[in-house]
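Work through these exercises with the structure open beside you. Try each task before you read its solution.

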Amino acid sequence: MLAGSHRLSGWRLNYEDAPGKPDFAFPDYKVAIFVDGCYWHGCPHCKRPLPETNHEYWERKIQRNIKRDQLHDMQLRDAGWRVFRIWEHQLKDKNECQMLLDQIHAILGEQNG
Ligand SMILES: [Zn+2]
């Protein structure tokens, strides 16, 4: 979706020079975008059931992911980045995608002007 947009330029995929390696980044504008998998990042909207076996193991794993996400957000914000997180399921929704793109545009435009 983001990759298909010709209106946005200067974005990088899997940007390694920022904490957490954002899925999409606009280094010039310090805008970082993460696409979080609903399952692995504990999406409250989807709430997919954990496997019956090793339930605690998965629970802990997901909690760890969430904590790590929060840490990366903090590190990025401390470094002056603006952080967007979208859920995997939101990518399937055209309106949600458009809303996100609009927000990013607003920020990029703001800094251009
Ligand atoms: Zn979800």
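Two strands pair if DSSP finds at least two bridges between them. Helices (H or I, at least four residues) and strands (E, at least two) are DSSP runs, numbered from the N terminus. This is a predicted model: local features need pLDDT of at least 70, side-chain atom pairs count only at pLDDT 80 or more, and totals for chains, interfaces and linings use all residues. Residues are numbered from 1 along each chain as its sequence is written.

**Exercise 1. The sheet**

Task: find the bridge partner of arginine 12 in S2, then work out the strand order of the sheet.

Solution. 
- Step 1. Start at arginine 12. Its partner in S2 is alanine 25.
- Step 2. Look at the two strands. S1 and S2 (residues 24-26) are joined by 2 bridges and run antiparallel.
- Step 3. Recall the general rule. Strands of a sheet pair through backbone hydrogen bonds, either parallel or antiparallel.
- Step 4. Now take the whole sheet. It is open, has 4 strands in the order S1-S2-S3-S4, and its pairing is mixed.
- Step 5. Find the edges. Strand S1 (12-13) and strand S4 (82-87) each pair on one side only.

**Exercise 2. The chain**

Task: list the elements from the N terminus on.

Solution. 
- Step 1. Count them. The chain has 3 helices and 4 strands.
- Step 2. Read them off in order: β-β-β-α-β-α-α.
- Step 3. The C-alpha trace spans about 55 × 30 × 20 Å along its principal axes.

**Exercise 3. The core**

Solution. 
- Step 1. Define burial. A residue is buried if 20 or more other C-beta atoms lie within 10 Å of its own, exposed if 12 or fewer, and partly exposed in between; C-beta atoms are placed from the backbone. Of the 113 residues, 13% count as buried.
- Step 2. Define the core. It is a set of buried Ala, Val, Leu, Ile, Met, Phe, Trp, Tyr and Cys residues joined through C-beta atoms within 7 Å.
- Step 3. Pick out members. The largest core holds 12 residues, among them Trp11, Phe26, Leu76 and Ile104.
- Step 4. Sort by element. S2 and strand S3 (31-36) are the elements that give two or more residues to this core. The largest share, 4 residues, comes from S3.

**Exercise 4. The helix H1**

Task: why does the end-to-end distance of H1 agree with its length?

Solution. 
- Step 1. Take the rule. The expected span is 1.5 Å times one less than the number of residues.
- Step 2. Apply it. H1 (residues 55-78) has 24 residues, so it should span 34 Å; its end C-alpha atoms are 35 Å apart, which agrees.
- Step 3. Check burial. The number buried in H1 is 2, so the helix lies largely in the open.
- Step 4. Go past the end. Glycine 80 follows H1, and its phi is positive, near 90 degrees.

**Exercise 5. Two residues**

Task: where are cysteine 43 and glutamate 88 found, and what does glutamate 88 touch?

Solution. 
- Step 1. Cysteine 43 is in the loop between S3 and H1. Glutamate 88 is in helix H2 (residues 88-91).
- Step 2. Cysteine 43 is partly exposed, because 17 other C-beta atoms lie within 10 Å. Glutamate 88 is partly exposed, with 15.
- Step 3. List contacts (C-beta atoms, placed from the backbone, within 7 Å). Leaving aside neighbours within four places in sequence, cysteine 43 contacts Cys38, Trp87 and His89. Not counting residues up to four places away, glutamate 88 touches Val35, Asp36, Gly37 and Cys38.

Terms used
Two residues are in contact if their C-beta atoms, placed from the backbone, lie within 7 Å.
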